[in-house]
Amino acid sequence: MPQTGAKARLYEAFAASGKALASGKRLELLDLLAQGERTVDALAKTAGLNLTTASAHLQALKQAGLVATRREGVRIHYRLSGEDVGQLLALLRKVAERHQAGVPAALDAYLGEDGAAEVTSGELRARVADGDVVVLDVRPAEEYLAGHIPGAVSIPVDELADRIGELPDGVEVVVYCRGEYCVLAHDAVRLLSAEGRRAVRLNDGMLEWRLAELPVAAGASA
């Protein structure tokens, strides 16, 4: 009987992680933190939350051990507590896509159709080595600075229309953003295609790139 009680406590401890993940906004916050460390203010703004709500979600994630913090003066910075949390997020989304009937339709409605071809990370690295593509990171600048594909150019998607002239003519552009389920790359490809530029998408994004332990550069591009 004591073993039965111990087993129950163990599974309740496992369930605490599941409970912390049982919120779309918390998953969104983990997705943002997979791009790099953020303050509560920055997370709240990007996720469209007020500070009180964002703080409550982050505390739930911290209590479950999924995020960690550090203090810098009066500011608290959040980060994923380990690479395995990023792996969990990626796996959760793939499992949901494969087994939840409502996910594919919701995904199509969110990402929309851009008609673009996709390249894998292996194909991208080979093409970069050959020097025949421009790699374009369309995430916000702070995410690019926290870590990006080596050699990538940073033009946030909301600046792309005004800065498209910074991209060389006649060269195919490979666009990427946060991950496989990030709409920013789709929006960028639609804009580039409308302007007559040749553009394709990386088939996933920065989260998967990091999890594959591929090279990551940080800071401004040289």
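This is a predicted model: local features need pLDDT of at least 70, side-chain atom pairs count only at pLDDT 80 or more; totals for chains, interfaces and linings use all residues.
1. Strand E7 covers residues 172–176 and is mostly covered, with 5 of its 5 residues counted as buried. Glu172, Val174 and Tyr176 point one way from the strand, whereas Val173 and Val175 point the other way, and burial holds for all of them. In a regular strand, side chains alternate between the two faces of the sheet.

2. Strand E7 has parallel neighbours, and the pairings can be followed residue by residue. Strand E5 (residues 133–137) is joined to E7 by 5 bridges, the two strands running parallel, and within this pairing Val133 has Glu172 of E7 as its bridge partner. Strand E8 (residues 199–202) also runs parallel to E7, with 3 bridges between them, and here Val174 stands opposite Val200 in E8.

3. Helix H10, which spans residues 183–194, makes a right-handed β-α-β unit together with E7 and E8.

4. Side chains of opposite charge can pair when their charged atoms come close. Glu172 forms a salt bridge with Arg127, and the closest N and O atoms of this pair are 2.6 Å apart. The pair links distant parts of the chain, since Glu172 lies in strand E7 and Arg127 in helix H7 (residues 121–130), 45 residues apart. Arg127 itself is partly exposed, with a relative accessible area of 22%.

5. A salt bridge also joins the side chains of Glu172 and Arg198, with an N to O distance of 3.9 Å. This pair too links distant parts of the chain, with Arg198 in the loop between H10 and E8 and Glu172 in strand E7, 26 residues apart. Arg198 counts as partly exposed, at 46% relative accessibility. Taken together with Asp132, the residues Arg127, Glu172 and Arg198 are linked in a network of salt bridges, and a search of the whole structure finds 19 salt bridges.

6. A separate point concerns the open sheet of 3 strands, whose order is E1-E3-E2 and whose pairing is antiparallel. Strand E1 (38–39) and strand E2 (67–72) stand at the edges, each with a single partner strand, so one side of each is left without a neighbour in the sheet. Between E1 and strand E3 (residues 75–80) there are 2 bridges, and these strands run antiparallel; Arg38 stands opposite Tyr78 in E3.

7. Another salt bridge is made by the side chains of Arg70 and Glu72, at 3.4 Å from N to O. Arg70 counts as partly exposed at 33% relative accessibility, and Glu72 is likewise partly exposed, its relative accessible area being 46%.

8. Finally, which residues make the nonpolar surface patch of about 330 Å²? The patch is made by Leu10, Tyr11 and Phe14. Leu10 has its place in helix H1, which runs over residues 2–21, and this residue counts as partly exposed because its relative accessibility is 41%, a value that falls between the 20% and 50% cut-offs.

Methods:
Residues are numbered from 1 along each chain as its sequence is written. Side-chain values use heavy atoms; hydrogens and water are left out. Patches are made of residues with over 30% relative accessible area and no salt bridge: like charges are joined within 9 Å, nonpolar side chains (Val, Leu, Ile, Met, Phe, Trp, Tyr) within 5 Å. Accessible areas come from the Shrake-Rupley method with a 1.4 Å probe; for residues, only the protein chains shown count as cover. A salt bridge is a side-chain nitrogen of Lys or Arg within 4 Å of a carboxyl oxygen of Asp or Glu. Helices (H or I, at least four residues) and strands (E, at least two) are DSSP runs, numbered from the N terminus. Buried means under 20% relative accessible area, exposed over 50%, partly exposed in between (1.4 Å probe, protein chains only). Two strands pair if DSSP finds at least two bridges between them. A crossover is right-handed if, with the strands pointing away from the viewer, the path from the first strand over the helix to the second runs clockwise.
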